[in-house]
Amino acid sequence: MSTPYQIDIGSFTRKSTFFWAAVGATVGLANLWQFPYLASLHGGGLFILLYLGCLLLVTLPLMVTEASIGRYARHGIVLAMDGLIRRAKSSRAWMAAGRFSILAAFLVLSFTAVFGAIALAYVFFGATGRFAGTGQGEATDILARLVSDPKAYRGFMGWHVFFLVMVLWVSGQGVVGGLERAFRIVVPGTLILLLALFGLAVWHGRIDGAISQILQMHPQDLSWASLRAALFHAFFTLGLGMGVWAVLGAYTTPDTRLKRSILAVVLMDTLVAILAGLMIFSMATESNVFDGERGFSLLFVSLPVTLAGLPASQFVIATVFLMVVMIVWATALALLEPIVGWLREWTGAPRGLSVVLVGLAVWAAGLASLLSFNLWTEYRLGGATIFRWLELITGGLVIPLVATLIALFTGWCLTRNLSKTMLGAAPKLFGEIWFWVMRLVLPLVVVYIGIHYTAASLVSLCDNGSRAFWCEPAPGMVLQEGSGASPEAGDVGEHATVDAGESGKPEEALPAEKVPASEHSERQTPPENAPKDDDILYHSV
């Protein structure tokens, strides 16, 4: 590849913008539909402590490394790695870390926009009273008609374009006029909405059960699987391995205290996950008994059904999903930036043109995921649709590969002096912990995460009737009928929930046929073709 243009990619004007942008990048749908479920399953408050421990001791050093690389080079991850490789006189093969990180950001953004389209549609559905008087079956039918009705996929495509235009318009305004202004408005606005909705949940009177399940200590539920789930959640939820932290680090002002800001982001992300979980689960259940829902079923079926019974339900439902849209919007803006920055640095193209070109590519790639839910749902390879393969490759291979390469490069190729210069002023103890975590601990942990994520995800596909080679029992092995091949919930971590659900047959398509309405308090088994709560494996959105 030819030498990239050395162009100025921009900079924030206020030091606090890094904090707001990083919070926007890390707070995603996993905070709403997955973290509270894992906490309730693995010991409540004890799981939260485990999660914080994994964050501080394992993933925080990688966050600091990626942001420091960008800040030191004042470039995106690809050019930043290029400069460090030249200074360390290392093999050009390490450039794979930067290039694969751009690929990861592109793939994740492609299906993040699809989720954003669903949330955006639900804002209008709620505001126009579509959920008034609905039961569980009727709410499932509303989601089905939006997402998986082969006759109505063009409407879904329209919402997809609508959401992408929102993202591209902000990015096209530039780093200061677009990104900085948006993050400083959208992220605090999201937190204000969250606090208001949390107050509504408390007033609504069903928060006791959620507090009991999510915050109280339940040592009897703690196991090694809990540590594994906390580790996976800590790795996937923070946007690592996608060049986001590097480009945000490159945009920081000289007086931004990077390491303190990153620590504050980690704590804020955890606090938001707790508040959002308490709010959603207290609103989405009919009593103080937590029923363990998560994913699509929780956010797009149970939640609007329960909210429909509140006074001014149209306003409440629209507000809840406006908050969801703002969360996904901020995530998408953060994911788009390393791709746009890379294209500008590689080609020298102006920002507006770069945003348009990247946007068209993201739209085209997103159609593959979008159509996997409707027109292409029957086209499967190894028991998985295109969407499942995209997220499996991203979460099980590309992101762990990038994280491993960055850890190995900074731990083994950079000199101590260069590492200290890149990190900046830091306590000696932090420097030593960072060095050994990057050199030994993190590579081993991330390789384990990638292998386990991929293996468990592939095994889960066998429940779709796949005849792939990995589904063939070993010679001499006898499988009992109905035994199910899926790993237990949480085994592949926060972003890979491949528990097969009640029927043991996870599918990605919602049926277009109408499901009979049920009483408000009943929890029906989803139809055979409906997506189970475990279908969306990757939740870093």
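These notebook entries record what I looked up about cavities and a surface patch in a predicted model.

**Ground rules.** I number residues from 1 along each chain as its sequence is written, and side-chain values use heavy atoms, with hydrogens and water left out. As the model is predicted, local features need pLDDT of at least 70 and side-chain atom pairs count only at pLDDT 80 or more, while totals for chains, interfaces and linings use all residues.

**Cavities.** I looked for cavities (sets of points on a 1 Å grid over the protein atoms alone where a 1.4 Å probe fits but cannot get out; lining residues have an atom within 4 Å of a point). I counted six cavities of 30 Å³ or more. The largest cavity has a volume of about 100 Å³, volume being the space filled by probe spheres set on the points.

**Lining.** Among the residues that line the largest cavity are Val 23, Thr 190, Ala 276 and Met 326. Helix 1 (17-26), helix 9 (175-204), helix 13 (258-283) and helix 15 (313-347) each give two or more residues to this lining; helices are DSSP runs (H or I, at least four residues). Helix 9 gives the most, with four residues.

**Surface patch.** I then found a nonpolar surface patch of about 350 Å², made by Leu 56, Leu 57, Leu 263 and Leu 267. Such a patch joins nonpolar side chains within 5 Å, from residues with over 30% relative accessible area and no salt bridge (a side-chain nitrogen of Lys or Arg within 4 Å of a carboxyl oxygen of Asp or Glu). Helix 4 (45-73) and helix 13 each give two or more residues to the patch.

Conventions
On a 1 Å grid over the protein atoms alone, a cavity is a set of points where a 1.4 Å probe fits but cannot get out, and a pocket is an open set with protein on both sides within 12 Å along at least five of seven lines; lining residues have an atom within 4 Å of a point. Patches are made of residues with over 30% relative accessible area and no salt bridge: like charges are joined within 9 Å, nonpolar side chains (Val, Leu, Ile, Met, Phe, Trp, Tyr) within 5 Å. Accessible areas come from the Shrake-Rupley method with a 1.4 Å probe; for residues, only the protein chains shown count as cover.
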